[in-house]
Amino acid sequence: MGEISQEILQAFNSGSVTVPTVTLFAIIIGSIFVNNVVLSQFLGICPFLGVSSKVETSMGMGAAVTFVMALSSIVVWCIQTYILEPFGIEYMQTIVFILVIAALVQMVEIVLKKVSPSLYQALGIFLPLITTNCAVLGVAINMMQKQLTLLQGVVYSTSMALGFALALVLFAGIRERLEMEDVPSALRGTPIALISAGLLAMAFMGFAGLV
């Protein structure tokens with residue numbers, strides 16, 4: 001892990017990598033692995049536990065969240081920069097961001113219902129719950145608090161969404177494997193799922209210090 005950081009530093013000192021490139025690379029690696037939105041910041045736990053029973057469903061949910069986060073980052077950045085701050089109404093941030101996310105989720109619902117009805121049915125209630133998913137809202141607010149540029153904000157939000165999708169798919173794979181194992185009756189279902197989630201979070205702690 002430290003070797004990667006040293007390579008980045010050496011490339012930066014040699015002039016072969018520009019400052020924005022190093023910054024964006026650090027944002028991507030940090031958002032996906034080091035500060036994973038689910039396993040490190042513990043946001044979005046509801047869909048993480050509710051939609052992780054099958055890998056296919058988890059991939060669909062991850063793609064939907066990635067689309068919403070990436071697109072919402074552009075919209076909320078523009079709203080924050082050109083409307084809320086100039087007019088001094090930053091206190092409306094949370095309400096406005098939720099409305100933006102809700103509109104985007106409606107768009108995703110309509111598209112999924114037409115393109116993949118089976119996935120739409122599999123996601124069920126968790127698809128509209130993206131609107132109030134604390135991971136989506138939290139990433140949007142964190143992006144503005146970090147005062148990132150538009151490009152950095154899009155990269156940050158997309159990377160956070162990919163980290164969410166990665167954790168979801170990995171956890172779904174673990175749960176599918178556990179269904180074929182001889183788990184003690186007292187630990188079947190939610191208990192073993194929570195234990196597995198904790199072990200997965202501990203595994204991601206190994207990325208600490210990577211960037």
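Helices (H or I, at least four residues) and strands (E, at least two) are DSSP runs, numbered from the N terminus. By that rule the elements of the protein chain run α-α-α-α-α-α-α-α-α from the N terminus on, giving nine helices and zero strands.

This is a predicted model, in which local features need pLDDT of at least 70 and side-chain atom pairs count only at pLDDT 80 or more, while totals for chains, interfaces and linings use all residues. Residues are numbered from 1 along each chain as its sequence is written, and side-chain values use heavy atoms, with hydrogens and water left out.

**Whole chain**

Start with the protein chain coloured by accessibility. Buried residues (under 20% relative accessible area; exposed is over 50%, partly exposed in between, with a 1.4 Å probe and protein chains only) make up 43% of the 211 residues. Contact means heavy atoms within 4.5 Å. Of the contacts in the protein chain with a separation of 6 or more, 74% are accounted for by residues 24 or more positions apart.

**Helix α7**

Select residues 134-145, which are helix α7. The expected span of a helix is 1.5 Å times one less than its number of residues. α7 has 12 residues and reaches 16 Å from its first C-alpha to its last, close to the 16 Å expected. Nine of the 12 residues are buried, so α7 is largely enclosed by the rest of the structure. Show A135, V136, L137, G138, V139, A140, I141, M143 and M144 to see the buried set. These buried residues pack against α4 (55-84), α5 and α8.

Two packed helices are described by the angle between their axes and the distance between the axes. Axes here are lines fitted to C-alpha atoms, for helices over the stretch in contact, and angles run from 0 to 180 degrees between N-to-C directions.

Which residues in α5 meet α7? They are Q93, T94, F97, I98 and I101, and their partners in α7 are V136, L137, A140, I141 and M144.

**Two loop residues**

Most residues other than glycine have a negative phi. Go to Q147, in the loop between α7 and α8. Q147 has a positive phi of about 55 degrees although it is not a glycine, and at 68% relative accessibility it counts as exposed. Then select F42, in the loop between α2 (19-34) and α3 (45-50). The phi of F42 is also positive, near 55 degrees, and F42 is exposed, with a relative accessible area of 54%.

**V169 in α8**

Next, select V169 in helix α8 (residues 150-178). V169 counts as partly exposed, at 26% relative accessibility. Not counting residues up to four places away in sequence, V169 touches V55, S58 and M59. K54 and V169 are 115 residues apart in sequence and 8.2 Å apart in space, C-alpha to C-alpha.

**Helix α9**

Finish at residues 190-204, helix α9. Its 15 residues should span 21 Å, and its end C-alpha atoms are 21 Å apart, which agrees. The buried residues of α9 are I192, A193, S196, A197, L200, A201 and F204.
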